[in-house]
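This report goes through a few local features of the structure shown below.

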Amino acid sequence: MFDLRDLYQQVIVDHNKSPRNFGKLADFNHEADGYNPLCGDKLHVYLKVNDAGVIEDVSFEGEGCAISVASASLMTDALKGKTMQESEDMFGHFQHMATSELDEAPDEEVLGKLTVLAGVREFPSRIKCATLCWHTLLAAVKDRPEPAKTE
Amino acid sequence: MFDVEKVRAEFPILHQEVYGKPLVYLDNAATTQKPQSVIDAVRHYYERDNANVHRGVHALSERATASYEAARDKIRELLNATSRREIIFTRGATEAINLVASSWGMTNIGAGDEVLVSEMEHHSDIVPWQMLCERVGATLKVLPINDAGELCMDQLDSLLGERTRLVGIVHLSNALGTINPVKTIIEKAHAVGAKVLLDGAQALAHLHVDVQALDCDFYVTSAHKMYGPTGIGMLYAKEALLDAMPPYQGGGDMITMVTFEKTQYNDLPYKFEAGTPNIAGAIGFGAAVDWLKKTGIDAASAHENDLLAYATEKAKAFDGLRIIGAARDKASVLSFTIKGVHPHDLGTILDREGVAIRAGHHCAMPVMQHFHVPATARASFAAYNTRGEVDALFAALTKAQELFA
Ligand SMILES: Cc1ncc(COP(=O)(O)O)c(C=O)c1O
C-alpha cells in the first residue's frame with residue numbers, strides 16, 4: 001500500500017517549514033513570476049547570473065502548498081554554481097522524473113537531493129506543484145515578462 | 001422520520017472504497033451524487049424513449065417530449081413559479097446568468113448604469129456582469145462582506161441608486177455557506193427600480209424557494225448540485241421580462257417561421273431554447289426534483305444542519321483550525337484553513353484517507369482576498385452524509401497535522 005510519507009518525506013516537510021533561499025535577492029539580473037491558477041500557488045524567482053553564464057545566486061518568494069514550496073527551496077539549493085544551460089538540462093531531468101513510470105528509478109547522479117520529489121508521480125494532480133518553480137526558472141532565464149504556467 | 005441509512009442506500013456510488021478506505025464524500029458543494037431514481041430516469045430515456053423533442057410525430061418523440069416537458073412542470077412547482085413559460089432550460093447556472101446578462105442586460109443596461117453584486121459571488125455571477133459593463137460602459141459595484149462572511153447590509157442603501165439596474169446575489173454561498181437575506185435585498189432593490197437575480201446554484205438542495213413570495217426577477221440553478229445530472233440547469237424569470245427580452249441564441253426550436261427576410265420567434269419558454277436541448281439531462285433534473293420532494297427538503301436540511309453544527313463544534317476544538325465563514329444564517333458548508341498545512345496538501349492527504357473535500361478558491365477569489373488566504377479547504381454536506389463521516393474527516397485532519405509536525 002502506498003504511504004503518504006512517500007510524497008511528504010521529512011525533507012519536504014522541513015523545506016516547507018523553513019524554505020532555503022527565501023526572499024528577494026539584493027542583487028539580481030533575471031526574474032520571473034510563476035502562477036498555478038488551479039491551486040493559486042504563486043512564485044517569484046530571482047537570479048543573479050554572471051558574464052560566464054553561471055548562476056551565482058538564486059532565490060524565490062511566494063506562497064503555495066508544501067510540494068511547491070519544498071520543490072522551489074530544493075531547486076534553488078541545487079542551482080547555485082550551475083550554468084544556465086546546466087539548469088535547463090536539470091529541468092528536463094526533473095520533468096522526466098516527475099512524470100516517469102513508477103518502476104523507473106530516478107537518476108540520483110544528476111538530480112541528487114531533488115529525487116525526494118519523485119513521489120509526486122503517484123499523485124497526478126500534484127505534479128504541477130513540483131514543476132511550477134522550474135517553469136518559473138525557465139521564464140526567468142529567458143526574461144519572459146508574463147507569468148510562467150505549468151502547461 | 002429522516003433515516004440517513006435509507007437515503008444512503010439510494011446512492012450506489014457511496015458504497016465503494018478508495019485507497020482501501022470507505023469513501024467519505026464531502027464535496028457536495030462542487031457536485032452532489034445521484035440517487036438511483038435519477039440514474040434510472042436518464043437510463044430509461046435512452047433505453048426506451050430516445051428521440052428528438054417537439055418535432056417528431058412518432059411515439060418515441062411524443063414520449064420524449066412528454067417527459068422533457070413534465071420535468072419543466074416539476075421545476076415550476078418546486079419554485080412555485082406562476083407559469084411553466086417562466087422556466088427555461090440551460091446548461092447550468094453559469095449559462096443562465098450569461099443568458100440574462102446578454103439578453104436582458106444588453107437591452108436594459110447602458111452607459112453610466114450600475115450593476116451591483118456582492119463580494120461573495122461565485123465567478124459566474126461576477127464575470128458575465130463585468131463583460132457586460134465593459135461592453136456598454138456601465139459600472140460594476142460591490143456589496144462587501146464582513147469578517148463573519150455576511151453581507152454588510154448596512155451599506156446596501158448607499159450602494160443602491162437610481163442608476164442601479166440589476167443586483168446579482170448568491171442565495172447560499174458555496175465558499176462560506178452563508179444564507180443571504182435575499183427578501184430584504186429584493187425589496188430594497190425594487191424600491192430603486194432595479195431587478196434582482198438570485199444565484200441559487202447551492203440553494204435548492206437545502207432551502208425552500210418560492211420565487212413568488214421572494215418576488216425575485218431572475219433565479220438560476222444547476223441540477224448537478226441538487227442530485228441531478230450535469231450539463232443541465234435552468235433560468236426562472238418573470239414572464240413579462242422574458243416576453244420583452246430578445247432571444248439569446250438563434251437556431252432550431254426557438255422559431256415558428258423562418259424566411260430569409262424575417263424570422264418569427266417561438267413562444268416562451270422555447271424562444272430561449274435554441275437547438276436540440278439536453279433532453280436526458282432535463283428528464284434527470286425532473287427525477288431529482290421528485291427525489292428531493294420525496295425525501296423532504298425540510299428533513300434533509302435539518303439533518304445537514306445537525307452535521308454542520310457537529311462539525312463546527314469539532315472544528316472549534318481543533319488546534320490551529322480557522323473557520324472561514326461564521327455567518328449566523330448558514331448551511332451545509334464548512335470552509336477552513338489549518339495552520340502550517342496548505343489546503344492543497346490537506347486535500348491530497350484526506351483523499352488518501354478516503355475523504356473527498358475541495359481545496360482551492362472555490363471560484364470565489366474575492367472571498368479568498370477578503371480573508372487573506374490563498375485557498376481554503378471545504379467540507380460540504382448533503383442528505384446522505386453522517387456524523388461518522390464527520391468523525392472520519394477530523395481523524396484525517398489529525399493525521400495531516402501529524403504528517404506535517
Ligand atoms: C454559488 C454558485 N454559483 C454558480 C455556480 C456555477 O454553477 P455551474 O458551474 O454548474 O454553472 C456554482 C458552482 O460551483 C456555485 O456554487
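Tyr19(B) sits in the loop between strand E1 (17–18) and strand E2 (21–22) of chain B. The model is a predicted one. Phi of Tyr19(B) is near 50°, a positive value in a residue other than glycine. Most residues other than glycine have a negative phi, and most peptide bonds are trans. Pro269(B) belongs to the loop that runs between strand E12 (263–265) and helix H10 (279–295) of chain B.

Around the ligand are Ala93(B), Thr94(B), His122(B), Ser124(B), Val170(B), Asn174(B), Asp199(B), Ala201(B), Gln202(B), Ser222(B), His224(B) and Lys225(B). By class, this shell has 3 nonpolar, 7 polar and 2 charged residues. Polar contacts of the ligand include those in the table.

| Residue | Protein atom | Ligand atom | Distance |
|---|---|---|---|
| Ala93(B) | polar backbone atom | oxygen | 3.4 Å |
| His122(B) | N or O atom in the side chain | oxygen | 3.1 Å |
| Asp199(B) | polar side-chain atom | nitrogen | 2.5 Å |

On its own, the ligand has 400 Å² of accessible area, and the protein covers 84% of that area.

Aromatic pairs were searched for in the whole structure, and 15 were found over all chains. In the pair formed by Phe91(A) and Trp134(A), the ring centres are 6.1 Å apart and the planes stand at 15°, so the pair is stacked; planes under 30 degrees apart count as stacked. Phe91(A) is part of helix H4 (residues 84–99) of chain A, and Trp134(A) is part of helix H6 (residues 127–141) of chain A, so the pair ties together parts that are 43 residues apart in sequence.

Key
Residues are numbered from 1 along each chain as its sequence is written. Chains are lettered from A and ligands numbered from 1 in the order in which they are written. This is a predicted model: local features need pLDDT of at least 70, side-chain atom pairs count only at pLDDT 80 or more; totals for chains, interfaces and linings use all residues. Side-chain values use heavy atoms; hydrogens and water are left out. A residue is near a molecule or strand if one of its heavy atoms lies within 4 Å of it. A polar contact is a pair of N or O atoms within 3.5 Å; within protein, one must be able to donate a hydrogen and the other to accept it, and residues adjacent in sequence count only if both atoms are side-chain atoms. Accessible areas come from the Shrake-Rupley method with a 1.4 Å probe; for residues, only the protein chains shown count as cover. Ala, Val, Leu, Ile, Met, Phe, Trp, Tyr, Cys and Pro count as nonpolar, Asp, Glu, Lys and Arg as charged, and the others, Gly among them, as polar. Rings of Phe, Tyr and Trp (its six-membered ring) pair if their centres lie within 6.5 Å; planes under 30 degrees apart count as stacked, over 60 as edge-to-face and the rest as tilted. Helices (H or I, at least four residues) and strands (E, at least two) are DSSP runs, numbered from the N terminus.
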